[in-house]
Amino acid sequence: MDIIEWSESLSVGIVKVDEQHKRLIQMMDELDQAIRNNESADVLEDVLTNLFNYAQAHFAVEEELFRTHRYPEMALHELEHQRFIAKAFAFKERLSSRRPGLALELLNFLSSWVLNHIELTDKRYAKFLHDCGVS
């Protein structure tokens with residue numbers, strides 16, 4: 001699977017969120033480069049830790065917007081975030097096994113999840129928040 005590249009088609013029209021999405025995609029590219037360069041498990045773990053920490057900070061920003069503006073699908077969206085974090089950390093734990101292909105499997109999961117989440121779930125809240133004056 002190819003790594004996601006940022007394009008305006010991924011924009012939700014909320015500057016801070018779009019900037020964070022761009023950074024997440026950039027961090028996935030950094031993970032891809034580490035895998036391609038056959039970096040050590042320690043390097044991969046550091047890249048993943050940074051990515052996951054950033055993802056959690058990004059989720060907190062979205063969730064604060066939901067609470068502030070009383071987004072009706074807040075609970076469902078937060079559940080998606082929680083499931084992502086649980087699955088991502090489960091992958092990270094398995095990386096220590098150094099099973100061939102596992103890092104690539106993780107990267108494919110991340111790319112697919114982020115793309116689907118932005119295009120389907122995040123774009124759903126965008127209209128609601130725009131109607132509340134968020135840009």
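How exposed is R124, in terms of relative accessible area? In this predicted model, R124 is partly exposed, with a relative accessible area of 40%.

R124 pairs with E73 in a salt bridge whose closest N and O atoms are 2.9 Å apart. R124 belongs to helix α4 (residues 102-131) and E73 to the loop between α2 and α3, so the pair ties together parts that are 51 residues apart in sequence. E73 is also partly exposed, at 30% relative accessibility.

## Bridges within helices

The structure holds seven salt bridges in total. One of them joins the side chains of K22 and E19, at 3.3 Å from N to O. Both residues sit in helix α1 (residues 15-36), three residues apart, or about one turn of the helix. K22 is partly exposed at a relative accessible area of 29%, and E19 is partly exposed at 44%.

In helix α4, D131 and K127 are four residues apart, about one helical turn. Their salt bridge has its closest N and O atoms 3.0 Å apart, and both D131 and K127 are exposed.

## A network

Salt bridges also link E64, R67 and E78 in a network.

D42 is located in helix α2. D42 counts as exposed because its relative accessible area is 53%, and the cut-off for exposed is over 50%.

Methods
Residues are numbered from 1 along each chain as its sequence is written. This is a predicted model: local features need pLDDT of at least 70, side-chain atom pairs count only at pLDDT 80 or more; totals for chains, interfaces and linings use all residues. Side-chain values use heavy atoms; hydrogens and water are left out. Helices (H or I, at least four residues) and strands (E, at least two) are DSSP runs, numbered from the N terminus. Buried means under 20% relative accessible area, exposed over 50%, partly exposed in between (1.4 Å probe, protein chains only). A salt bridge is a side-chain nitrogen of Lys or Arg within 4 Å of a carboxyl oxygen of Asp or Glu.
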